[in-house]
Amino acid sequence: MTESGRAPSEAGAAVGRRIGIGLMYGLWRPRVLGAWKVPSAGPVILAVNHSHGIDGPMLMGTAPRPVHFLIKKEAFVGPLDPFLRGIGQLKVDRDATDRKAITDALGVLERGGVLGIFPEGTRGEGDFASLRAGLAYFAVRSGAPVMPVAVLGSADRASRLHRAVPPLRGRIDVVFGDAFEAGDGSGRRTRKALDEATVRIQERLTAHLAEARRLTGRRPTL
């Protein structure tokens with residue numbers, strides 16, 4: 001449940017998607033590959049690489065379904081707090097076991113929604129080199145398939161108008177991969193099972209990122 005005692009709003013997430021579409025396609029030129037692979041219904045976890053602050057909004061505006069993202073609590077400040085909660089996004093404390101965020105995220109999946117996660121935990125190189133165990137937990141606990149998503153080009157260059165964003169009207173590639181089951185089919189949720197699932201997930205995400213770079217002609221940012 002959210003802080004207001006209500007489940008994250010699916011209608012709010014749909015509004016967030018419409019806002020994302022307007023902003024992302026209005027300010028940049030997204031090229032989206034493989035969006036048809038996203039199931040039209042049922043729970044799914046989108047595992048997204050994270051190298052720029054625009055990656056989340058970009059996915060919200062290019063995914064074919066509304067997405068509920070787990071977002072660090074530090075982003076929920078001032079007017080952004082009610083706005084982010086209003087569009088169905090989930091606040092998470094990355095420095096502690098945030099049971100409410102866990103309950104909210106599992107609730108999204110139980111209701112057949114789309115959960116967005118940055119499995120690296122924070123913005124970095126965007127190469128899936130270091131994964132936290134949270135993604136494996138949600139995947140194994142819910143049984144929802146994991147779909148890798150690569151956002152490429154957002155961190156290549158900064159806009160001359162504002163260094164915090166990519167160049168306006170620049171191309172950003174969003175590549176959806178094939179969904180897969182993270183668990184081993186046993187239903188086990190032991191530490192060993194989660195560790196094995198994390199390794200399995202990392203291998204699939206890293207392979208997808210390499211394939212996305214091949215398809216788009218993007219090279220790793222140095």
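Leaving aside its neighbours within four places in sequence, which residues is Thr216 in contact with? Arg31, Leu33, Leu152, Arg171, Asp173 and Val175 are the residues in contact with Thr216. Contact means heavy atoms within 4.5 Å.

## Basis of the model

This is a predicted model, in which local features need pLDDT of at least 70, side-chain atom pairs count only at pLDDT 80 or more, and totals for chains, interfaces and linings use all residues. Residues are numbered from 1 along each chain as its sequence is written, and side-chain values use heavy atoms, with hydrogens and water left out.

## Overall layout

The protein chain holds six helices and seven strands. Helices (H or I, at least four residues) and strands (E, at least two) are DSSP runs, numbered from the N terminus. From that end, the order is α-β-β-α-β-α-β-α-β-α-β-β-α.

The protein chain has 222 residues, and 48% of them count as buried. Buried means under 20% relative accessible area, exposed over 50%, and partly exposed in between (1.4 Å probe, protein chains only). Among contacts in the protein chain with a separation of 6 or more, 76% join residues 24 or more positions apart.

## Thr216 in helix α6

Thr216 belongs to helix α6 (residues 191–216). Thr216 is buried, at 10% relative accessible area. A polar atom of its side chain lies 3.4 Å from the backbone nitrogen of Arg218. A polar contact is a pair of N or O atoms within 3.5 Å; within protein, one must be able to donate a hydrogen and the other to accept it, and residues adjacent in sequence count only if both atoms are side-chain atoms.

## Helices α1 and α2

Two packed helices are described by the angle between their axes and the distance between the axes. Helix α1 (residues 10–27) packs against helix α2 (residues 55–62) at about 105°, with the axes 7 Å apart. That makes α1 roughly perpendicular to α2. Axes are lines fitted to C-alpha atoms, for helices over the stretch in contact, and angles run from 0 to 180 degrees between N-to-C directions. Under 35 degrees counts as roughly parallel, over 145 as roughly antiparallel, 65 to 115 as roughly perpendicular and the rest as oblique.

From α1, the contact uses Gly16, Arg17, Gly20, Ile21, Met24 and Tyr25; from α2, it uses Pro57, Met58, Met60, Gly61 and Thr62. Helix α2 is mostly covered, with seven of its eight residues buried. Those buried in α2 are Asp55, Gly56, Met58, Leu59, Met60, Gly61 and Thr62. Their cover includes α1, β1 (29–33), β2 (44–48), β3, β6 (146–152) and β7 (171–176).

## Aromatic pairs

The whole structure contains two aromatic pairs. Phe69 and Phe118 are stacked, at 5.0 Å centre to centre and 20° between the planes. Rings of Phe, Tyr and Trp (its six-membered ring) pair if their centres lie within 6.5 Å; planes under 30 degrees apart count as stacked, over 60 as edge-to-face and the rest as tilted. This pair links distant parts of the chain, 49 residues apart: Phe69 sits in strand β3 (residues 68–72), and Phe118 in the loop between β5 (114–117) and α5 (134–142). Phe69 is buried at 1%. Phe118 is buried at 16%.

Tyr137 and Phe138 have ring centres 5.8 Å apart and planes at 70°, so they are edge-to-face. Tyr137 is partly exposed at 27% relative accessibility, and Phe138 is buried at 7%.
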